[in-house]
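Hi everyone, thanks for making time. Have a look at the structure on the screen, and I'll walk you through a few things in it.

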Amino acid sequence: MPLHHFIFSFLTLAFCATSSVAAAAASKEQTLNTQDAEFFNPKLPPRTLSSSKRFEGSSNLVDLRYHMGPVLSSSPINIYLIWYGRWSLSQKLLIKDFITSISPSATPSPSPSVSEWWKTVSLYTDQTGANVSRALVVAKEHSDTRYSHGYHLTRLSVQQVIATAVKAAPFPVDHRNGIYLILTSHDVTVQDFCRAVCGFHYFTFPSMVGYTMPYAWIGNSGKQCPEVCAYPFAVPGYMGGGGPGALLPPNGDVGLDGMISVIAHELAELTTNPLVNAWYAGEDPTAPTEIGDLCEGLYGTGGGGGYIGQVIRDRKGRTYNMNGNKGRKFLVQWIWSPALKACAGPNALD
């Protein structure tokens, strides 16, 4: 996502004053106790990269339009996963558990669930009326532990990483169902990472990879910029301890738990706008406003005005808003619903 996706605008502020936020303005957090956990709406300092394209509440002014390009409707969507750098087994399992939580299961996760969150993504269709697929699978993996393209990557060298994996794995040419997901470890720096983006998606160039396929990249910000890309599990340093504290991550890893929401964001946009000619707002396809951009930083009902929305805090203080497979819990941002014309998530309280 380009830098201007994160520059605050006055138009966004016009939609921040939702009734639920106004009711909470007198306190730093709203709480609602249950037997096993509590719902609460913490007020936190803003991210360093504030979103210019966030609409907190419904709005008919969001001109999200379909531009006649394809969406990923073939089922299942095959994810070809590239681990660049050094990853522990537990880190890999956490991320793969999130991905597998997206698909409907014979033994569904308790509500609110990741699979229910993806239902909103599946509302988007192509010109034939075919919906984005409900099913995603990790089709194949490749680990590049030798940092074959160095410890610093540019946007172009990310595609070189893909090209290396395609030859080494080898990955099949899966034009109909396939996407590449490139994840870089905490010791890898990437062009614009932390400064302007936490992740991005695009499509491969035939000159670089041999053919055109959608891909997304996300980095582990745990050691580089957690206050930017693992927010709200880390808060900006300028608070100096004088403001609200960071939230506890549900899986105990600030960098990985922060990555989960960025992965979700990019997968939602990649499947609804894979070749940057399908679903987006704005007139510039080189800098589209997509379904994740519109809801950046919102995790529950009552978000806006510094509040992230009603989320859940368990007895150990860990914060989440969705359940996944194997008892996993995740904090995942909301996305724009074409039906509601608003940001939506399965943990909505209204």
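Let's start with a term: a salt bridge here is a side-chain nitrogen of Lys or Arg within 4 Å of a carboxyl oxygen of Asp or Glu. Before I use it, some ground rules. This is a predicted model, where local features need pLDDT of at least 70 and side-chain atom pairs count only at pLDDT 80 or more, while totals for chains, interfaces and linings use all residues. Residues are numbered from 1 along each chain as its sequence is written, and side-chain values use heavy atoms, with hydrogens and water left out.

Okay, how many salt bridges does a search of the whole structure find? Nine. One of them joins E38 and R313, with the closest N and O atoms 2.1 Å apart. These two sit in distant parts of the chain, 275 residues apart: E38 is in strand β2 (residues 37-42) and R313 is in strand β12 (residues 311-314).

Is E38 buried or exposed? For us, buried means under 20% relative accessible area, exposed means over 50%, and partly exposed is in between, using a 1.4 Å probe and protein chains only. E38 has 17% relative accessibility, so it counts as buried.

Next pair: D97 and R328, whose closest N and O atoms are 2.9 Å apart. Again distant parts of the chain are linked, with D97 in helix α3 (residues 89-101) and R328 in the loop between β14 (322-323) and β15 (329-330), 231 residues apart. D97 counts as buried because its relative accessibility is 5%, while R328, at 22%, counts as partly exposed.

R155 belongs to helix α5 (residues 155-168), and D192 lies in the loop between β8 (189-190) and β9 (199-203), 37 residues apart. R155 is at 28% relative accessibility, so we call it partly exposed; D192, at 19%, is buried.

Now for the inside. A nonpolar core is a set of buried Ala, Val, Leu, Ile, Met, Phe, Trp, Tyr and Cys residues joined through side-chain atoms within 4.5 Å. The largest one has 80 residues, and I95, F98, Y180 and L183 have the most contacts inside it. Helix α8 (residues 254-272) gives the largest share, nine residues. If we leave aside neighbours within four places in sequence, I95 is in contact (heavy atoms within 4.5 Å) with residues including W83, W87, L183 and L256. There's also a second, separate core of nine residues, with L247, I308, V311 and L331 among them.

Zooming out, the chain has eight helices and 17 strands, and 57% of its 350 residues are buried.

Last stop, the rings. Rings of Phe, Tyr and Trp (its six-membered ring) pair if their centres lie within 6.5 Å; planes under 30 degrees apart are stacked, over 60 edge-to-face, and the rest tilted. The structure holds 16 aromatic pairs. In one of them, F203 and F205 sit edge-to-face, 6.3 Å centre to centre with 80 degrees between the planes. F203 is buried at 19%, whereas F205 is partly exposed at 28%. Finally, F193, F200, Y215 and W217 are linked into a cluster by ring pairs.

Note on methods: Helix = DSSP H or I, 4+ residues; strand = E, 2+ residues; numbered from the N terminus.
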